[in-house]
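Could you look this one over before we talk?

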Amino acid sequence: MAAANGAACCGGAKGPGYATPLEAMEKGPREKLLYVTCVYNGTGINKPDYLGTVDVDPNSPTYSQVIHRLPVTHVGDELHHSGWNACSSCHGDPSASRRFLILPSLLSGRVYVIDTLKDPRAPALHKVVEAEDIAEKTGLGFPHTSHCLASGEIMISCLGDKEGNAAGNGFLLLDSEFNVKGRWEKPGHSPLFGYDYWYQPRHKTMISSSWGAPAAFRTGFDLQHVQDGLYGRHLHVYDWPGGELKQTLDLGSTGLLPLEVRFLHDPSKDTGYVGCALTSNMVRFFKTADGSWSHEVAISIKPLKVRNWILPEMPGLITDFVISLDDRYLYLVNWLHGDIRQYNIEDPAKPVLAGQVWAGGLLQKGSEVVYVTEDDKEEQYSVPQVKGHRLRGGPQMIQLSLDGKRIYVTNSLFSRWDEQFYGQDLVKKGSHMLQIDVDTEKGGLSINPEFFVDFGAEPEGPSLAHEMRYPGGDCTSDIWI
């Protein structure tokens, strides 16, 4: 819940979450359950997508297993991201409760509301917001990122109109009963493209990013579509909570397909990052002396010269990143190259590589694709098996424990792109979830050899696992004010 005026909701009584990011990091309990969106759309299995509950308590007899599956009501939704109805930004409001998990369906346009309070291990369907209702009242379709507002409303970024045109994108508002209320942004202030967003109320600013036109990305990635202007390269700076588009930052050729966007957790900070997938750069955005916003490339992942692939060079394809709650480390994934990286960002303008681990990718030993060194040698990366399983796909979505010591990793991006880049190996054999141990003192990453969730062994057939949430909130769901 974000307080609309940048102030706390109430006084001393305690509501959801934690008073500060550091309190969450230092006093938050170790995670025991994890919710993950699981997709059958695009796999050839004619079943509804579902929300999986994974046991991540190492002292539990069902550790590293899916212990519950809640199927949604329709086939073909493409569950993707998720968000809560309340979070740490309304910690002062005792009437607020982190109870409902919001599941926007990227392709169908439906929004599912899941009750996690009655039985956290076995969530239940609470309500379905139909795509027709959303389109009729707002013109919006292809919902993606969900955050909550102090009023009890839910705000969801939408990537286009119901036909998949980017020009129709904007921000959907649901009221506290999850009825369609309208759009958040002022008329005429919709962004060029939609995707993710994050806000920093003390700076009265919200910044949103740009994937592309749904009509383009839903059929698979085509480089020509980038040249045709069907993919984004901009950040959109909004007045918060007013909804007025104040500035558009053109990231240019270094910022193609800017996806996940995050401010630093400290609510006083006026800087953050966006991961630009196609050009594989982490771009830092920041407020300048005159109050406007600017940007610079902070991390650059060089493309690799390759053979036996669709292009002569392969980008890393940064598809997700997270920031530790103390704003000390940033973790990113390269979905195609196959590595997860840890950077020290104590100086946000000058990140320093502190750790790296290989967890899949197109360049692992045994793959047809090789990368070529400067002296023209063909090489591949060593990727370990985990509990006897070869790692499929590449690291894609990540979630960090509150204490910053564990990263959970899934490997599905979007079913059509999964098929295009990783083929039947991922789409027919299914996803997996890994856990990465983090050295927060000296830096360093290592795969936990005792944790492996195999979504290829699901009762209804192999599924594709995407975004993860803890019942008590995490570093990508909670915003502090």
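Here are the numbered points.

1. Ground rules. This is a predicted model, where local features need pLDDT of at least 70, side-chain atom pairs count only at pLDDT 80 or more, and totals for chains, interfaces and linings use all residues. Residues are numbered from 1 along each chain as its sequence is written, and side-chain values use heavy atoms, with hydrogens and water left out.

2. Overall picture. I get six helices and 32 strands for the protein, taken as DSSP runs numbered from the N terminus (helices H or I, at least four residues; strands E, at least two). The radius of gyration is 21 Å, close to the 23 Å from the globule rule for 481 residues, so the protein is as compact as a globular protein of that length. That radius is taken over C-alpha atoms, and the rule is 2.2 Å times the number of residues to the power 0.38. Along the principal axes, the C-alpha atoms fill a box of roughly 60 × 55 × 45 Å.

3. β24 (residues 339-344) runs antiparallel to β25 over six bridges, and Arg341 stands opposite Gln356 in β25.

4. Aromatics. There are 29 aromatic pairs, with rings of Phe, Tyr and Trp (its six-membered ring) pairing if their centres lie within 6.5 Å; planes under 30 degrees apart are stacked, over 60 edge-to-face, the rest tilted. Trp211 and Phe414 are an edge-to-face pair, at 5.9 Å centre to centre and 90° between the planes. Trp211 sits in the loop between β13 (205-208) and α3 (214-217), Phe414 in the loop between β29 (406-410) and α5 (415-422), so the pair ties together parts 203 residues apart in sequence. Both Trp211 and Phe414 are buried. Ring pairs also link them into a cluster whose members include Tyr195, Trp335 and Trp417.

5. Thr410. This residue lies in strand β29 and counts as buried at 1% relative accessibility. Leaving out residues up to four places away in sequence, Thr410 touches, among others, Val36, His432 and Met468, where contact means heavy atoms within 4.5 Å.

Note on methods:
Two strands pair if DSSP finds at least two bridges between them. Buried means under 20% relative accessible area, exposed over 50%, partly exposed in between (1.4 Å probe, protein chains only).
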